[in-house]
Amino acid sequence: MSVASHYDGSASSSADQYQRENLWTLEDYPANYFRLEILLRELAAAKATSLFEFGVGDATPLVAAAKAGMEVAGFDVSPEMVEYARANFSANGLDPERICLADAQDLATLTPQIDRLGQFDAVMALGVIPHVSDDDQFVDHMSRFLKPGGQMFIAFRNSMFNLFTFNRLTKEFVLDELMAGVDDSIRAVVEADLDARLAIDKPPRRTRDDGTPGYDEILARFHNPLELSDLIRRHGFSEVRLHWYHYHPAPPMLSAAIGATEYRKACFDLEHEGSWRGMFLCSAGLIEAIKDPA
Ligand SMILES: C[S@@+](CC[C@H](N)C(=O)[O-])C[C@H]1O[C@@H](n2cnc3c(N)ncnc32)[C@H](O)[C@@H]1O
């Protein structure tokens, strides 16, 4: 199933996640709203004046950065997203030519942009790394767009959160990450035990009936924040920091028992908490790192 065709099917609704007035009414939790707050705060703190994005989507975050005074550009692999992003740029007085169709996994499509646009103070990829198969290559490609001393941001699906969901994803985390390399006979005993304890039928798989692939039908990987931090350091980055968002006050499968409004209020109360608990309570994280001097 193609990532581009999944996003071609979701281009029209992605801006909703960023609007303050939708925070209570959106069916899906408006996590991206909180992520954008963190991003704009960190970009301003570093006094970044130019920003390049991998996987721009409809360009809502890039337009927000432009409104904050930054020179912006980026690309996406989904032709529909590129169309939406260009229209969004035009509607906001920005040059639509600064959005391109390209593939983060194909250097041949990226090199012409580096040649045309040069390097930036900051580079970001929000919700893109779940969809790539080679993290080393992805970070290497991002680094090429970044000046020495520049800031890189990567938003990822947090595998550590799976310890708090008590469902099929917990089982996968325990068997595949925690118990990697442990003898199969031991893993089989643990698997049988977890099958009895956990809600193995949850979460429901996210599919679509409009013909385009749902999120769980495309490559959509989790990342371990500690492994990802190490990988980024190996690529010549330091000052690696983890920012957490999309907090959960309780495992998501209990939200109906708690009450949807109560549950969401408790999520909002935790956003910006900023302590170690984010590593386990947040389904998403934003990793920030500084590229070492040349
Ligand atoms: C979850 S959306 C996020 C969009 C935007 N970054 C935002 O945060 O609002 C992920 C985007 O990454 C794009 N994408 C996925 N894989 C890509 C790749 N290999 N190269 C470029 N874009 C990609 C998708 O088409 C989609 O627009």
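Leaving aside its neighbours within four places in sequence, with which residues is Pro61 in contact? The structure to consult is a predicted model, in which local features need pLDDT of at least 70 and side-chain atom pairs count only at pLDDT 80 or more, while totals for chains, interfaces and linings use all residues. Residues are numbered from 1 along each chain as its sequence is written.

Once those sequence neighbours are set aside, Pro61 is in contact with Leu36, Leu39 and Leu126, where contact means that the C-beta atoms of two residues, placed from the backbone, lie within 7 Å. Pro61 lies in helix H3, a helix being a DSSP run of H or I with at least four residues, numbered from the N terminus. Pro61 counts as buried because 23 other C-beta atoms lie within 10 Å, the cut-off for buried being 20 or more such atoms within 10 Å of the residue's own C-beta atom.

The surroundings of Pro61 lead on to a pair of helices. The axes of H2 (residues 31–45) and H3 (residues 60–67) come within 11 Å and cross at roughly 35°, where axes are lines fitted to C-alpha atoms over the stretch in contact, and angles run from 0 to 180 degrees between N-to-C directions. Leu36, Leu39, Leu40 and Leu43 of H2 make this contact with Pro61, Ala64 and Ala65 of H3.

Methods:
Helices (H or I, at least four residues) and strands (E, at least two) are DSSP runs, numbered from the N terminus. A residue is buried if 20 or more other C-beta atoms lie within 10 Å of its own, exposed if 12 or fewer, and partly exposed in between; C-beta atoms are placed from the backbone.
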